[in-house]
Amino acid sequence: MALAGFSRDGASFSGGSISAGAALIGSLFIIFLSNGMNLVQITGPVQMIVLGAVVIAGVLRSPAGTAETNARIARQLLLNWRLQRTMTYVITIDTGGTFTDAVVQDEAGRLTIGKALTTPKRAFEGMYGAISAAARLLDVTPEHVIQRASRLIFGTTRATNAIVTRSTAKTALFVTEGFPDILYLREGGKKDAHDFRTPFPEPYVSRRLTFEIKERINAEGGVETLLDEASVIAAARELARLSVQAVGVCLLWSIVNPAHEVRVAQLLKEHAPQVAVTLSHEILPIPREYRRASATVLDASLKPVMQKFLEDMAADLEQLGFSGDLLVSTTVGGCMEVTAAARRPVHLAKSGPAMVPLAAREYAGRVTANGDVIICDTGGTTFDVGLIRDGEVVRTRETWLGPRYTGELLALSSVDIRSVGAGGGSIAWVDDGGLLRVGPQSAGSVPGPACYPGGGTLPTVTDAAVVAGYIDPDLFLGGRITLDAAAARAAMATVADRLSLSVEETALAILTIADETMISAIQDITVSEGVDPRQSVFVAGGGAAGLNIASVARALGCKTVLLPQTASALSACGMQFSDVVAEEAASGITSSDAFDQTIVRDALSRAYAALEKLRAGLKIAREAACSFEIAVDARYRAQIWELEVPLSGFPIGGELDAAELAQRFHKAHERTFGVDDPNGIAEFLTWKIRLRVALPRPAAKPIASEERSALLKRKRAYFPGQGLVDTPFYNGPALRLDEEVAGPAIILEPTTTIVVPPNASACLSPTGSYLLKLER
């Protein structure tokens, strides 16, 4: 039975006689839909009935509807319904210390951001809350987004927090007899050579849980002492008595001959099947014993914790109908399928910040050809700084979890991100000498800054921004959260009284100290390593980035800052631009004066075989484009530390030119340290291959601005040297493209606030980023 005048294909509507009953039903359904329901929530034949009723009501409500108007209404309604039925999404999640960010990308490449407070006890609640916030902006349900997601990538701080707080599984270490103190002795080093008060850190695995195994392999791979299997079996039986859940095995020179480590793993499987095992030659095949042992025990200790966490996450998503590809971000600057990541969970540590440079490279590449980019990500707990040189993300093996030298060394090839405690939630306090300090303690999400609903009582950087007038309490996060300005002032007063300053002066002092901490962190990764900030592009991200990035960049001599509209979720955005990335390394020691092609080919073939095995197990890689990148860790003879040298253009299985390898090392050394030794002998130690599996993503499209008034209000804000100034507040999405906003001004985006100080300006580019010019 057909409705009067309604064709089967929905292309025409003649507006024949319609009963009053049908009109009433249609009107009721429109009211029903306008109160929070949508067609996606209704399934089966009922959905078509609702659609028909909505069409009827729409026609009756159109003014004296002509056939053309009626047909347009019907087509639009059907189009919206079909889009909701067929739309697919890519979801990326970043769980931070204060907020959990969700970025949802639709088939047109549009990014929608959702934010929710992080839930430390159950991470999935924060994730679901962030997806729900994004779904509301899309006018669909979170279940709709999850069920129609083709891919979900999430980054988590769970691994990092577990290591720093020592809440990992109880772990033992198996070492070669006579070398039980590898973790205890570390590599030496102190941040302050004259500091005799700081206690020496305890090893990650205690001596009581360190077992010496009788065996010995020499540096050439020969067996000096056969493996005593009885000692391995005895140690394995002891593990159950000590309630050990994981074991790291790190035997001398296993990177050259892994036979003993492999046999130990077999014996552990037979006599202690309940423990998780990590072998050092598999996780980090480099010749430095402490680094290899550290990475090994960190990975082993995370396996029981992270495997359960990942299993629970997958189960929670499956219950909501998720059937796409589930991936997790990794510290190397890519992502990996959950099943593969669970086998090596140490790669999940520091994985969230590793995504920020990917987003920065994408956004900077849309507006400039400058390949040197400084990335600043100001979150609720920390200020993270990264670097891109010549368009390539800078990586390092000097990644510490906790303080340098006294924390735990990750030692894996990781995106070089330096963190300091200067985020939006960093707490301001006065030391015993009467000096104002900011951080490293943070209010986090619980209890949060004083101005937050249910927040704490201690003043934070966010409270300072509220008191200074930079954050409007009624428009925070697009008005979804109302801040308590009185609570912020009360918290600020506790510090202001001790300093004999007004609350506004104290707020400005807190922001200034936070600036100095950030400036120092940027100089550490740039000036100290041969990069001139004045010649680089600044890309700012994080929910608190817009508050002070202009003043930070100006102090460093930078003239232009790029602040994407998605800045508040830059890490989650980076996952949208990420690929599946995995790295394998193999030891092959040779030198430029006696270059051994056989050693190099053998090392590269071992690394390549491991990557091919991993790729064969990836569902997502079967039809995707893959590429391989080669690098080597090299140094001058008698140097202590190595430098990674990219070897683009070199074949994996072909002959390598020793002279060309040495020349590339000389250039890399000169660029990094300012000097080189063209006649010096270069030593090549560890050969690495990085696999990249390209993930599909829509092409970026220019944004369209909205035609409406951008000025929201005028309000007084506090600026250095000028005091309280009458300041316009603008609605960011309503600004016309390339419209210049002169400072002082405040631009409000749904998830971040941008402060344009005096003698500066900002404009929104068609690529979706604000350009802050600091020359005015």
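Two strands count as paired here if DSSP finds at least two bridges between them. Helices (H or I, at least four residues) and strands (E, at least two) are DSSP runs, numbered from the N terminus. With that in hand, welcome to a predicted model, in which local features need pLDDT of at least 70, side-chain atom pairs count only at pLDDT 80 or more, and totals for chains, interfaces and linings use all residues. Residues are numbered from 1 along each chain as its sequence is written, and side-chain values use heavy atoms, with hydrogens and water left out.

**Strand E25**

- E25 pairs with strand E28 (residues 682–693) in the antiparallel sense, over ten bridges.
- Within that pairing, Thr590 has Phe684 of E28 as its bridge partner.
- Strand E25 (residues 580–591) is largely enclosed by the rest of the structure, because eleven of its twelve residues are buried (under 20% relative accessible area with a 1.4 Å probe, protein chains only).

**Cavities**

- A cavity is a set of points, on a 1 Å grid over the protein atoms alone, where a 1.4 Å probe fits but cannot get out; lining residues have an atom within 4 Å of a point.
- Grid points are joined across faces, edges and corners, and a volume is the space filled by probe spheres set on the points.
- The count comes to five cavities of 30 Å³ or more.
- The largest cavity holds about 140 Å³ of space, and of its 13 lining residues the closest to the centre are Ile283, Leu284, His347, Leu412 and Glu583.
- Helix H10 (280–283) and E25 are the elements that give two or more residues to this lining, and E25 has the largest share, with three residues.
- By class, the lining of the largest cavity has six nonpolar, two polar and five charged residues, where Ala, Val, Leu, Ile, Met, Phe, Trp, Tyr, Cys and Pro count as nonpolar, Asp, Glu, Lys and Arg as charged, and the others, Gly among them, as polar.
- The second largest cavity has a volume of about 40 Å³, and its lining has seven nonpolar, one polar and two charged residues.
- Helix H7 (residues 182–185) gives the most to the lining of the second largest cavity, three residues; the lining residues include Leu173, Pro203 and Arg207.

**The four-stranded sheet**

- Four strands form an open sheet with mixed pairing, in the order E29-E30-E32-E33.
- Strands E29 (711–719) and E33 (752–756) are the edges, each pairing on one side only.
- Strand E32 (residues 745–749) pairs with E33 in the antiparallel sense over five bridges, and Ala745 has Val756 of E33 as its bridge partner.

Methods
Buried < 20%, exposed > 50% of the residue type's maximum accessible area, 1.4 Å probe, protein only. 1 Å grid on protein atoms, 1.4 Å probe; cavity = no way out; pocket = protein on both sides within 12 Å on 5 of 7 lines; lining within 4 Å.
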